[in-house]
Amino acid sequence: MKGFIKNSIISTGLFIKDNRLTIIFITLFTIGCLSGTLVLGLSLGKSETALSLLKSYFQENSELSILALFSRNLVSSLLYLGVMYVGGLCAIGLPFIAIIPILKGIALGMIISYQYLYSGIKGFLYCFIILLLPQALCMAVYTIAYMEGIYMSLSVSNGIFNGKPRQIKYQLNFLTFSKRYVIFALAMVAISMLEAILGSVFSKVL
């Protein structure tokens with residue numbers, strides 16, 4: 001029994017070590033979601049700014065064309081990717097990369113909370129169909145991009161601040177890093193189009 005517990009602890013420790021960046025990303029994203037919910041909750045009855053912005057956002061979704069929705073979603077997605085890309089090229093880019101899952105979580109947390117509070121079951125269906133499905137794909141891409149950005153930033157820092165570069169787990173170069181972000185951007189084009197189609201079709205119904 002003691003051997004089983006010891007092996008389980010060791011296995012868990014190794015799993016956390018090997019997947020620590022993914023765990024950190026999920027943790028930061030969760031913190032962002034909770035913060036977004038809290039911000040919306042504190043706004044109720046005190047400030048109409050957040051509520052009016054969200055109301056305008058959903059009203060626009062039902063009025064904009066698929067192309068307009070696609071453009072807006074894509075610009076937002078590429079902006080997040082751009083911050084992680086630039087952060088990856090900086091020796092001190094980690095704080096800028098780390099803030100992305102928090103910001104994304106805050107936005108998504110506020111949107112889901114708003115729909116749940118004001119639209120009931122329709123809001124739940126809206127979140128599940130229009131948000132959660134494409135956003136799950138979106139977050140998968142962000143998670144990989146987040147890890148690549150951190151590894152690239154560490155590679156840059158490693159080369160700048162060490163006379164004899166120390167060994168790190170994943171050493172990236174500029175060309176490889178850039179190629180991977182092109183793939184991430186293309187994935188975001190497809191995801192943004194999916195989200196736009198779902199938003200245009202179901203926002204009028206729900």
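Residues 24 or more positions apart account for 80% of the contacts in the chain with a separation of 6 or more, where contact means heavy atoms within 4.5 Å. The model is predicted, so local features need pLDDT of at least 70 and side-chain atom pairs count only at pLDDT 80 or more, while totals for chains, interfaces and linings use all residues. Residues are numbered from 1 along each chain as its sequence is written, and side-chain values use heavy atoms, with hydrogens and water left out.

The secondary structure of the chain consists of six helices and zero strands. Helices (H or I, at least four residues) and strands (E, at least two) are DSSP runs, numbered from the N terminus. In order from the N terminus, the elements read α-α-α-α-α-α.

Confidence is given as pLDDT, the predictor's confidence in each residue, from 0 to 100. Its mean over the chain is 77. Of the residues, 74% reach 70 or more. Helix 1 (residues 2-18) has the lowest confidence, at a mean of 48. Helix 4 (residues 66-88) has the highest, at 90. Over residues 4-15 the pLDDT falls below 50. Beyond near neighbours in sequence, that stretch has zero contacts in the model.

Buried means under 20% relative accessible area, exposed over 50%, and partly exposed in between (1.4 Å probe, protein chains only). Of the 206 residues in the chain, 37% are buried. The chain exposes about 11,900 Å². Carbon and sulfur atoms supply 74% of that area. Accessible areas come from the Shrake-Rupley method with a 1.4 Å probe; for residues, only the protein chains shown count as cover.

The largest nonpolar core holds 37 residues. A nonpolar core is a set of buried Ala, Val, Leu, Ile, Met, Phe, Trp, Tyr and Cys residues joined through side-chain atoms within 4.5 Å. Leu54, Leu81, Met84, Tyr142, Tyr146, Tyr181 and Met188 touch the most other members. At least two residues of this core come from each of helix 2 (20-43), helix 3 (49-63), helix 4, helix 5 (94-161) and helix 6 (174-205). Helix 5 gives the most, with 20 residues. Leaving aside neighbours within four places in sequence, Leu54 is in contact with Leu40, Met110, Ile111 and Tyr114.

Two helices were compared with their expected span, which is 1.5 Å times one less than the number of residues. Helix 2 has 24 residues and reaches 34 Å from its first C-alpha to its last, close to the 34 Å expected. Its buried residues are Leu21, Phe25, Leu28, Phe29, Gly32, Cys33, Gly36, Leu40 and Ser43. Helix 4 has 23 residues and should span 33 Å; its end C-alpha atoms are 33 Å apart, which agrees. In helix 4, the buried residues are Leu69, Phe70, Asn73, Leu74, Ser77, Tyr80, Leu81, Met84, Gly87 and Gly88.

Six aromatic pairs are found in the whole structure. Rings of Phe, Tyr and Trp (its six-membered ring) pair if their centres lie within 6.5 Å; planes under 30 degrees apart count as stacked, over 60 as edge-to-face and the rest as tilted. Phe25 and Tyr146 form an edge-to-face pair, at 5.1 Å centre to centre and 65 degrees between the planes. This pair links distant parts of the chain, with Phe25 in helix 2 and Tyr146 in helix 5, 121 residues apart. Phe25 counts as buried at 2% relative accessibility, and Tyr146 counts as buried at 2%. The rings of Tyr181 and Phe184 have centres 5.1 Å apart and planes at 75 degrees, so this pair is edge-to-face. Tyr181 and Phe184 are three residues apart in helix 6, and therefore about one helical turn separates them. Tyr181 is buried at 7% relative accessibility, and Phe184 is buried at 9%. Ring pairs link Tyr85, Phe177, Tyr181 and Phe184 into a cluster.

Gly87 lies in helix 4 and is buried at 3% relative accessibility. Gly87 and Met152 are 65 residues apart in sequence and 8.7 Å apart in space, C-alpha to C-alpha. Leaving aside neighbours within four places in sequence, Gly87 is in contact with Gly93, Ile97 and Ser153. Ser153 is found in helix 5 and is buried at 1% relative accessibility.
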